[in-house]
Amino acid sequence: MTLPRPIAKTSLTALFFLLSVCLSVAVNAQDGKALFSANCASCHAVHKKATGPALAGVEDRWPNKEHLYAWIRNSAAFLKTGDAYANNLYNEYNKTAMNSFPNLKTEEIDAILAYIKTVPAPGAAAAAGAADPAAEKGVEGDNTLLFGVLTLILAVVAFIMLQVNANLYLL
Ligand code: HEC
């Protein structure tokens, strides 16, 4: 019996691959909000000007994503590139220095930006809230999709494990 070994090996590799995908999806979904609260919320709101600008729609104002990453990691260094938009903004905010976040990974910044997009405008939320209690439905809908995907992945993992189990008897 030489056949089952590679099958078991492939199955195990697939299992670990799926588990890591599973984990990264789950981490990404919850990280944006936590990262925003921990690092940015002291100066930024999503829909209201605070110490820094409201961040809603910020990606439209920064067509170059690499510049946006560079700005968030180290705004002082980015200002030195002479970028006109950034320098105008800096002057508009009375040269208030934004903290630098050299340790934020690209995925973490993406998670923050993704979170910003999920926060509904206060007007819309209030109107929906007054209309009916389904105001939170949007958020719940997103989670339903996430859990659906996770369930699917776990089902595949379970299937693979059954497969591995069956093959083990043949070894
Ligand atoms: C100490 C306060 C402070 C903190 C903390 C801070 N910022 Fe800022 N941020 C500012 C200020 C002030 C500006 C306006 C430009 C300037 O003065 O540097 C700004 C500008 C920005 C801009 C450009 C906004 C636009 O309208 O183009 C982005 C994007 C941004 N911040 C993202 C973040 C993110 C993401 C975090 C958290 C990881 C963060 N900031 C944390 C103060 C802060």
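Me: Which ligand atom is 2.7 Å from an N or O atom in the side chain of Trp62?

Reply: An oxygen. Polar contacts here are pairs of N or O atoms within 3.5 Å. The ligand also has an oxygen 2.9 Å from a side-chain N or O of Arg61, and one 2.5 Å from a side-chain N or O of Tyr85. Helices α1 (4-40), α2 (58-61), α3 (65-73) and α5 (84-92) each give two or more residues to the shell around the ligand; helices are DSSP runs of H or I, at least four residues long. Bear in mind that this is a predicted model, with local features needing pLDDT of at least 70 and side-chain atom pairs pLDDT 80 or more, while totals use all residues. Numbering starts from 1 along each chain, and side-chain values use heavy atoms, without hydrogens or water.

Me: How many residues surround the ligand, and how do they split by class?

Reply: Take residues with a heavy atom within 4 Å. You get 24, the closest being Cys40, Cys43, His44, Tyr85 and Met98. By class, 16 are nonpolar, seven polar and one charged, with Tyr and Cys counting as nonpolar and Gly as polar.

Me: What are the protein donors of the iron atom?

Reply: Donors are N, O and S atoms within 2.8 Å of the metal. His44 (NE2) and Met98 (SD) lie 1.9 to 2.1 Å from the iron. His44 sits in the loop between α1 and α2, Met98 in the loop between α5 and α6 (106-118), 54 residues apart.

Me: Why is the arrangement octahedral?

Reply: Six donors qualify if opposite ones are over 155 degrees apart and all others between 65 and 115. Here the six donor atoms subtend angles of 85 to 178°, which makes the arrangement octahedral.

Me: What caps the N-terminal end of α5?

Reply: Asp83, through a side-chain oxygen 3.3 Å from the backbone nitrogen of Tyr85.

Note on methods
A polar contact is a pair of N or O atoms within 3.5 Å; within protein, one must be able to donate a hydrogen and the other to accept it, and residues adjacent in sequence count only if both atoms are side-chain atoms. Donors are N, O and S atoms within 2.8 Å of the metal (3.2 Å for Na, K and Ca); water is not among the atoms, so sites may look incomplete. Four donors count as tetrahedral if all angles lie between 85 and 135 degrees; four count as square planar and six as octahedral if opposite donors are over 155 degrees apart and all others between 65 and 115; anything else is irregular.
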